[in-house]
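Subject: Structure handover

Hello,

Here is the structure for your files. Notes on its salt bridges and surface follow below.

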Amino acid sequence: MTEPAPGPRPDHPTPAARPADPERGLRGAMSALLVLEAIVILLGIPVAANTGNGAGPVGVGLICALAAAHLACCAVISRPFAVPVIIALQVLLIACWLISGPLGVMGIVFALVWGAVLYMRREYRRRAGAGLLPRPDDPGPADR
């Protein structure tokens, strides 16, 4: 018995290549930042429980819900409404200052990080729209 020749078979067409998406890596980094933020929020539970008046069961529940919302936001990161949702999550995290001061400080730190990420995203889009970025199919100066 002979083996079929390697390569595409006529009865199984080759799947079409996925179109290039230059912002795919940025969305991955944004998702990773959301996961990191959720982990840090959950690590804030013992801090909130041991500082100030102590976070009761309601406070711990709110912190867990906020962390779950950050993880759920990873599912919608490619949607157009993702940035307003992320901003709302940052406002909620800063509002956790009412539960514990360190949580509010974490909210401010992460809001600054998100500001930097969104600035880089806006700058990338501006430069791409102006045609100032090299395209992957263009040879670089070393290849010419």
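Patches here consist of residues with over 30% relative accessible area and no salt bridge, where like charges are joined within 9 Å and nonpolar side chains (Val, Leu, Ile, Met, Phe, Trp, Tyr) within 5 Å. Accessible areas come from the Shrake-Rupley method with a 1.4 Å probe, and for residues only the protein chains shown count as cover.

This is a predicted model, in which local features need pLDDT of at least 70 and side-chain atom pairs count only at pLDDT 80 or more, while totals for chains, interfaces and linings use all residues. Residues are numbered from 1 along each chain as its sequence is written, and side-chain values use heavy atoms, leaving out hydrogens and water.

Ile94, Trp97, Val105, Ile108, Val109, Leu112 and Val113 make a nonpolar surface patch of about 600 Å². Helix α4 (residues 101-130) gives the largest share, 5 residues; helices are DSSP runs of H or I, at least four residues, numbered from the N terminus.

The whole structure has 3 salt bridges (a side-chain nitrogen of Lys or Arg within 4 Å of a carboxyl oxygen of Asp or Glu). Glu23 pairs with Arg125, with the closest N and O atoms 2.7 Å apart. Glu23 lies in the segment before α1 (24-50) and Arg125 in helix α4, so the pair ties together parts 102 residues apart in sequence.

Glu123, Arg126 and Arg127 are linked in a network of salt bridges. The N to O distance is 2.5 Å for Arg126 and Glu123, and 3.1 Å for Glu123 and Arg127.

Regards

Note on methods
Helix = DSSP H or I, 4+ residues; strand = E, 2+ residues; numbered from the N terminus.
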